[in-house]
Amino acid sequence: MTKYLNDFQFGVGVSGGAEAILHSTNRVLGERHDDGSLSMLTVDFSNAFNLVDRSALLHEVRLRCPSISLWVEFLYGQAARLYLDNTHIWSTTRVQQGDPLGPLIFALVLHPLLHNISNNCKLLLHAWYLDYGTLIGDSEEVAKALDIIMVIGPKLGLQLNIKKTELFWPSCDGRKLREGLFPADIGRPHLGVKLLGGAVSRDASFISSLAIKRAENAVNLMRLLPQLSDPQSELLLLRSCMGIAKLFFGLRTCQLVHMEEAAIFFDNGLRGAIEDIVVCGVPFFGDLQWRIASLPIRFGGLGLYLAVEATSYAFVASRAQTWVLQDHILRDSGIYGMDSDYDGALASLRNKLPDSDLSSFTTKDTPP
């Protein structure tokens, strides 16, 4: 199914799909941000997984995946009874939450719509992560794609959420403002958009403020850990889901220069949380103890990553690991080769690791 889906769908069976879309979108923006004829549309459907039409679902499964069609019909062929106290209601739409086949089945229903857009609109970039779409092209072509979504989507049970659908480009030649070209209530941010949990923008303040907000949310969560009164559980949560995991996606998809302030703030919060776990708020936790605690477990530390250290390599690693996928997403954009964002981040990494051979990072073969 990946061969069938991966022209436009990068949320099923594709490693690093979200990062590749973000990097590709920012590369187009960086290369063509002064072209006022272009528009970027971020598409969001209302409660898509819960409203997708089951007749369309079963039809696409029979057509594309006949070997599992009987199993899917057994699961979704009849309405399910949902109990509420002593009564029940019938569930006749949606993909069941928690179903391992759910993302694939949903993508199959959505895919004919994506082909319709591709066949009728000339776009520079057309990529989806499940129900989140990103389209970049001439404003007239993007408007045509939006019309197709609004007409065909409801037939599949997919209703456009216009309040979360946004139109963005930093420059404008006036055409995208023409009355009737786009819905009046569509979002029109000026500085950038949040896409798949990352930032698409050339504005430093927009990107850094998004990073700071994420770091603040993570630190505020860490400050609640002492309420558990269980250092082992606190450390487990900190390592698995409250630590660098809260910031790492941003580090991988945003340039180092925009993440430095957030990384420092995050590390200070992490140090406070670790200090409370190790010495329970009493003295004798200095810089040495902090460095020892942040070592990998195999070196006697607690296995925690520092955001400041990760910033030096995370962006470069993500770009390098998704080069092939980015080239595929950008196949119609005319954009090739390394960009200034990557070159700058790679130069910074070389300065921090002067004794390491990073020559393989300048090619598009995935480096070790």
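Predicted model: local features only at pLDDT ≥ 70, side-chain atom pairs only at ≥ 80, totals over all residues.
Select residues 204-222, which form helix 8, and residues 256-279, which form helix 11. Their axes come within 8 Å and cross at roughly 10 degrees. Angles under 35 degrees count as roughly parallel, so helix 8 and helix 11 are roughly parallel to each other. To see the contact, show side chains on helix 8 for residues including Ala204, Ile207, Ala211, Ala215 and Met222. On helix 11, the contact residues include His258, Met259, Phe265, Phe266 and Leu270. Coloured by type, the residues of this contact divide into 14 nonpolar, 3 polar and 2 charged.

**The largest pocket**

Next, select Ser294, Leu295, Pro296, Leu304 and Tyr305. Of the 15 residues lining the largest pocket, these are the closest to its centre. The pocket has a volume of about 330 Å³. Its lining consists of 9 nonpolar, 2 polar and 4 charged residues.

**The second largest pocket**

Now move to the second largest pocket, which holds about 230 Å³ of space. Select Thr42, Val43, Asp44, Tyr132, Gly133, Lys164, Glu166, Lys194, Leu195, Leu196 and Gly197 to show its lining. Which strands each supply at least two residues of this lining? They are strand 1 (38-43), strand 5 (132-138) and strand 7 (192-195). By type, the lining divides into 4 nonpolar, 3 polar and 4 charged residues.

**Asn161**

Asn161 and Val43 are 118 residues apart in sequence, yet their C-alpha atoms are 7.9 Å apart in space. Leaving aside neighbours within four places in sequence, Asn161 is in contact with Asp44, Phe45 and Ser46. Is Asn161 buried or exposed? Its relative accessibility is 16%, so Asn161 counts as buried.

Most residues other than glycine have a negative phi. The last two stops depart from that pattern.

Select Leu130, in the loop between strand 4 (123-129) and strand 5. Phi of Leu130 is positive, near 55 degrees. With a relative accessibility of 15%, Leu130 counts as buried.

Finally, select Ser229, in the loop between helix 8 and helix 9 (231-242). Ser229 also has a positive phi, of about 55 degrees. Ser229 is exposed, with a relative accessible area of 62%.

How values were computed:
Residues numbered from 1 in each chain as written. Heavy atoms only, no water. Axes fitted to C-alpha atoms, helices over the stretch in contact; angles between N-to-C directions. Helix = DSSP H or I, 4+ residues; strand = E, 2+ residues; numbered from the N terminus. Parallel < 35°, antiparallel > 145°, perpendicular 65-115°, else oblique. Contact = heavy atoms within 4.5 Å. Nonpolar A, V, L, I, M, F, W, Y, C, P; charged D, E, K, R; others polar. 1 Å grid on protein atoms, 1.4 Å probe; cavity = no way out; pocket = protein on both sides within 12 Å on 5 of 7 lines; lining within 4 Å. Points joined across faces, edges and corners; volume = space filled by probe spheres on them. Buried < 20%, exposed > 50% of the residue type's maximum accessible area, 1.4 Å probe, protein only.
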